Amino acid sequence: MTSAEGSHMEGVEMNGARTLFTSTAVEGAVARLGRLALPGRAAIDTPNYTSVASRGTLPHVTPDNMSKYVSPGPMYIALEDFVEKKQPPIYKFPVTRENRLHSFTGLPLESTTILAARRSQTVTTPTGNTAKSVTLFTSTGFRSLTVPEYVEATKQLKPDIIVPLADLLHISTAPPTKKLVRMVDRTEEWLDQFLEGTEPETDGARSSSVFAPVLAVEYPFQWSYLAHLAEEVRESLSGLAIYDTKLLADIIPNYAPLRELPRLSLDPPKTPQDVLKQIALGVDVCVLPFINTVSDSGVAFTFTFPAPDTLSAPLPLGVDMWSEEHATALEPLSHGCQCYTCTTHHRAYLRHLLNAKEMLGWSLLQIHNHHMMDRFFHGIRASLQNGTFVSAVQKFATIYETEFPIGTGERPRARGYHFKSEHGQEKINKSTWIDLDAALAAQTETEA
């Protein structure tokens, strides 16, 4: 099989679902080229990334505009976005487009859906998980989710990729040893229950490809669980969902049966430099919530990979579109960019939209920033193919700043999962109304 970049690859068909993942090693690097193919979806050339959805869709971009202006890449979706009621409305939605999840969200049929219980960047819940359930943060508060309920959600929604429940870290990032052991044991037990509950009635494949969770727990506490994945349930798995990518340094050399599986990173990077580090460790697909965050702040990506030759290093990773310097700038957001935003509009117009609080401004930023990430990963795959990845990573670290610029304007109204669950937290969204009587009285008093 041949990827978009032209490398010859040997294919391995996963028994756990109708999934085909092909990969080829890159000489002198742990990173690899590959292609992930699922029935009816656009093939995903790897390394690549997945966008993060809000209630099933890309923030600020409607599904029809996604089809027109954004590449049909995978979409990470959280079940806690939909289960605020005991009988979630999404379960009753009519199936009009292959499956209920695509029907409800309206996502392009070419886009691969990845469903997990919790959002990529979770809100800390008041209580941790129990022996039989995980705690979710929904739009109406907190609730628990059991394995049978998650199995039912999988059968109802039929996502392309499903990540089973995992007992993730709660408040402390360094809990006691007994807690760590219990987290791993629960995750193994929940995975076995999930696989049993989703076992196809016939000899056919599962309707969803199962990516087994690997916790952000030190390797000595997980070696038995990883052995269980490799030796006992490997035939039911289609991939791994890694919550701490540093563990790949132990997984890849020690568990040959897991080596051929695609690796999805659920360890959210904060910058392009972090993305490059994860790929160097062997990640195939990265979840990137920072795209939405940076777009919300009013910042447009300007970085490229490989980095350009320049004498003015370090270069910024993006440009603050709120800045006064763009008030009359008739240039694109990023020079050489061929996205819809850059070929149709200019910086002055986008700055005007942001200052006028027009949602179109954030929509255009999302389209641009996703296009820039597509170019970024295309450059990564090209460098892996021609053997320049390591040197290009070193050059990128030298040329670009280590953090995104801070947007100086107001972000759009915060959605529920932007809030924390801390007592006494101040409101993020400013009130859109004022007390006219009080304002008039204050003005009269001032004039007097």
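Reader: How many helices and strands does the protein have?
Author: This is a predicted model, and the protein in it has 14 helices and 16 strands. Its radius of gyration is 23 Å, close to the 22 Å that the globule rule gives for 448 residues, so the protein is as compact as a globular protein of that length.

Reader: What does the C-alpha trace span along its principal axes?
Author: The span is about 80 × 55 × 50 Å.

Reader: And what share of the residues is buried?
Author: Buried residues make up 51% of the 448. The protein exposes about 20700 Å², of which carbon and sulfur atoms supply 53%.

Reader: Changing topic: how many aromatic pairs are there?
Author: A search of the whole structure finds 21 aromatic pairs. One of them joins Phe 303 and Phe 396 edge-to-face, at 6.4 Å centre to centre and with 85° between the planes.

Reader: Which parts does that pair tie together?
Author: Phe 303 lies in the loop between strand E15 (299-301) and strand E16 (318-320), whereas Phe 396 is in helix H13 (residues 389-399), so the pair links parts that are 93 residues apart in sequence.

Reader: Which aromatic cluster do they belong to?
Author: Both belong to one aromatic cluster, whose members include Tyr 49, Phe 290, Phe 377 and Tyr 400.

Definitions and conventions: Residues numbered from 1 in each chain as written. Predicted model: local features only at pLDDT ≥ 70, side-chain atom pairs only at ≥ 80, totals over all residues. Heavy atoms only, no water. Phe/Tyr/Trp six-rings, centres within 6.5 Å; stacked < 30°, edge-to-face > 60°. Helix = DSSP H or I, 4+ residues; strand = E, 2+ residues; numbered from the N terminus. Rg over C-alpha atoms; globule rule 2.2 N^0.38 Å. Buried < 20%, exposed > 50% of the residue type's maximum accessible area, 1.4 Å probe, protein only. Areas by Shrake-Rupley, 256 points an atom, 1.4 Å probe, with all protein chains shown as cover.
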